[in-house]
Amino acid sequence: MDMTIEKLRDFVDASPTAWQTVDSIGARLAASGGEKLDEREPWKIEPGCLYWVERSGSGLVAFRPGLRSPAEEGFALAGAHTDSPGLKLRIEKRLEGRGMERCAVEVYGSPIVSTWLDRPLAIAGRVVVKTADGASTRLLFVDRPVGIVPNLAIHLNRDMNKGFEYNAQTQLPVVLGSAAGPESAGPAGPSGPAGPAGPSESSGSAGPAILALVADELDVEPGAILAADLFFVDAQKTVLVGADLLNGTRFDNLLGCHAILEAFVDSTPQAHGQLAAFFDNEEIGSRTRTGADSSFLRDVLGRISALQGTTAEGFFRALASSFSVSVDVSQAWHPGWPEKFDENFSPLLNGGPAVKVNANFRYATDAVTESRFRRFCSAAGVPCQKYMTRADMTPGSTIGPVSAALSGIPTVDVGSPLLSMHSLRETAGTKDHTMMIGALGRHFASSPRSGTVE
């Protein structure tokens, strides 16, 4: 297998949530000689050197200052998001009925809920624990199956295959285990009617099993856990399907994160600045302090410009002289539902990166930015596809329109074709990923001010 795809598989498997994603990116930047900065401290930066800054552990901006003034040369930027739709844990709540304990969940974003059922689930995220000095944040990845959301037998719902809406409060809590016995079946025993502790959920006097599990993994007492951002995640690793398909979890948008990271790290210093942004919370609208609809990107660009001697007016010149590529994923043509696609704008797996266009600017692309990305692809020797929804349908959106509106930077939205977007398991083409890295490499090497491809 291509070494790039091996690296992608390792990256995906090590990045089950946004917090682990940022940790993986930071490790890659550190191994490449990068220096981590702190937003709360003064910065000292040198042209051509590699730096990164994190915000709240789930957002990260990496940059390489240009060899000349930002006001004269601008920045070549690329951005992606670190989050994915899923099920977030409510660890404080105990759900128990007839000896079967479950973990309450809340739906994050818009996952294809049915794909989460009957699959072994692991746990990942971050936990805040009490310490002698106050509190500390620790990453947690329970990298083994700990729970499952069981479906209802078809015999009890004959219409299941006609479509079913799952209730997040009652039907999606994750089963952690069972301690069934005569005492949990009610006074009449296993075959009799349920007693007071029958099938209804009970808060009980004992603590939630999930809280005990998390505490045990962190080697602390349950009472030491102050708060947590934890998600159930797929316990299966990324797998190769056939010769050129890859199946795994969170490809939306770990494909974009990894492609940007590889192209950015492998780039060489240029006259212009280079920046890679990894935002959280795109799946819920980006309006958080770590999302694209925040001050994060503009704050970092402003500090870089100031530290490179740019005036207030020069900063605005730098923004106007920059160019950004928003990298997410694109809907790939699906042979089972060809009627859902416009036949002229339906990207194929392994057909190359796709430019994403929408008349109502659900994507940031316009004719000028599209043509520029097409030139990057041409310079890299890779094909460029185009994705547009049917005229009678509305597509999703990305970080592109949000970051473009906040910064004023010309932006193009692009993505590798993907099947089963927002499913727990998604499928992509291996060739598309390597081609996207090649096109982004040309972007980082090219002058954003002139639009030329060097």
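Strands β17 and β18 form a hairpin in which 6 residues lie between them, and serine 420 in the turn has a positive phi of about 65°. Strands here are DSSP runs of E with at least two residues, helices are DSSP runs of H or I with at least four, and both are numbered from the N terminus. The model is predicted, so local features need pLDDT of at least 70 and side-chain atom pairs count only at pLDDT 80 or more, while totals for chains, interfaces and linings use all residues. Residues are numbered from 1 along each chain as its sequence is written, and side-chain values use heavy atoms, with hydrogens and water left out.

Strand β17 (residues 411-419) runs antiparallel to β18 and is joined to β18 by 2 bridges; two strands pair if DSSP finds at least two bridges between them. In this pairing, leucine 419 stands opposite threonine 427 of β18. Strand β12 (residues 245-248) also runs antiparallel to β18, with 4 bridges joining the two, and leucine 245 stands opposite glycine 429. Both faces of β18 (residues 426-429) are covered: Glu426 and Ala428 are buried on one side, and Thr427 and Gly429 on the other. Buried denotes under 20% relative accessible area, exposed over 50%, and partly exposed the range in between, computed with a 1.4 Å probe on protein chains only.

The next topic is a helix pair. Helix α6 (residues 296-307) packs against helix α7 (residues 312-320) at an angle of about 120°, with the axes 10 Å apart. The axes are lines fitted to C-alpha atoms, for helices over the stretch in contact, and angles run from 0 to 180 degrees between N-to-C directions. The two helices are therefore oblique to each other; angles under 35 degrees count as roughly parallel, over 145 as roughly antiparallel, 65 to 115 as roughly perpendicular and the rest as oblique. Arg298, Leu301, Gly302 and Ser305 of α6 make the contact with Phe315, Phe316, Ala318 and Leu319 of α7, where contact means heavy atoms within 4.5 Å.

Two loop residues remain. Threonine 290 lies in the loop between β13 (273-279) and α6 and, at 4% relative accessibility, counts as buried. Leaving aside residues up to four places away in sequence, threonine 290 touches Arg55, Ser56, Ser58, Gly59, Phe279, Asp280 and Asn281. Proline 335, in the loop between β14 (323-331) and β15 (354-356), is exposed, with a relative accessible area of 55%.
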